[in-house]
Amino acid sequence: ATMPPLLSAIANAGRHGVLVKSAVVMERLGQMDAVALDKTGTLTEGAPRLTDVRPLPASGLAEDEVLRLAAAAEHPSEHPLARAVVDAARARGLDIPPVEDFDSAPGTGVSAVVDGASVAIGSPARLLGGGRPHPASVVAAGLEDEGRTAVLVTVDGDPVGVLGIADRPRPDAAATVAALTALAGAAPLLVTGDNPRAAARLAEEVGITDVRAGLLPQDKVAAVQDLARAGRRVLVVGDGVNDAPALAAAHTGIAMGRAGSDLALETADAVILRDELATVPAVVRLSRRARRLVV
Ligand code: ADP
Ligand code: MG
């Protein structure tokens, strides 16, 4: 017997390393006419490395002490930025003390009690709030101008240092953006929790002009819903816990599997098991081919 077109398309997607969870999903993938892409871990490799440790002079802390506290607080986190911090601390031979009361706020950062002190690490804009400018924001802005993601480290609420972290675009990011633009008939949108400077730098490198930065998970959902209200069928590609609500709100959601969070993998309609972004346009094409055979 010959297999129904949508089922053989699913089998084909599997050969491309994409797990499509149902025939309905396989059919919907080809209907998309708008695309929203996450930045960290999706358009970038998601293997960021620590490039800078800048203690604030007022803290009196040395580089290694700032890094040790940050790594301890990040240790329980599955975020790519957390891995960059922990790996750098290990590479410097620092011991990473155990923590209590770990907490994470998707799109913002993490906190934990280290050596009896409350340590937080995350987005400088969110941790510093909208009050008067802090010397830490100047340090952070300098790193962001170089295309880095800057994260702030605070101890008992006081900023003690800023870390610079750099991630590379995936080798197939620019080609994928071009292919999705052609398939959707519209340029993809970049939706990211990262800062506007680092986001603009990456967007330029991969050929995206429409950038929404500094977004919380619910802001990503709002961006998808705006497009849906305008009658668009939005394909969302993301990897993190912070992307799960947007993946759920999408017409179809695809998760990057290798480094993806459990929540993103469960929520998504399809999962990229091989670490290749270019499989996204490939499955859209498979869907369109199958639908031509079905109807
Ligand atoms: P993206 O949308 O590009 O995947 P996220 O929403 O995961 O980015 O993160 C947005 C921002 O929140 C980061 O740039 C960082 O400032 C902060 N952040 C989130 N999680 C962490 C973490 N574990 N450690 C440090 N900063 C974090
Ligand atoms: Mg991400």
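A: V119 stands opposite V155 in β7. Here strands (E, at least two residues) and helices (H or I, at least four) are DSSP runs, numbered from the N terminus. This is a predicted model, where local features need pLDDT of at least 70, side-chain atom pairs count only at pLDDT 80 or more, and totals for chains, interfaces and linings use all residues. Residues are numbered from 1 along each chain as its sequence is written, and chains are lettered from A and ligands numbered from 1 in the order in which they are written.

Start with the strands. β6 and β7 (residues 149-155) run antiparallel, joined by 4 bridges. Strands pair if DSSP finds at least two bridges between them. β6 (residues 117-122) also runs antiparallel to β5 (residues 109-114), with 6 bridges. In β6, A120 stands opposite S111. The hairpin of β5 and β6 has 2 residues between the strands. There, D115 takes a positive phi near 50°.

Now the ligand. Ligand 1 is surrounded by 23 residues. A residue is near a molecule or strand if its C-beta atom, placed from the backbone, lies within 6 Å of it. T40, H79, S123, T192 and G193 are the closest. Two or more shell residues come from each of α3 (39-43), α5 (80-91), β5, β6 and β7. α3 gives the largest share, 3 residues.

By type, the shell holds 14 polar, 5 nonpolar and 4 charged residues. Nonpolar means Ala, Val, Leu, Ile, Met, Phe, Trp, Tyr, Cys and Pro; charged means Asp, Glu, Lys and Arg; the others, Gly among them, are polar. Domain 1 (5-45 + 168-294) and domain 2 (49-166) each supply at least three shell residues. Those bounds come from an automatic or database domain assignment.
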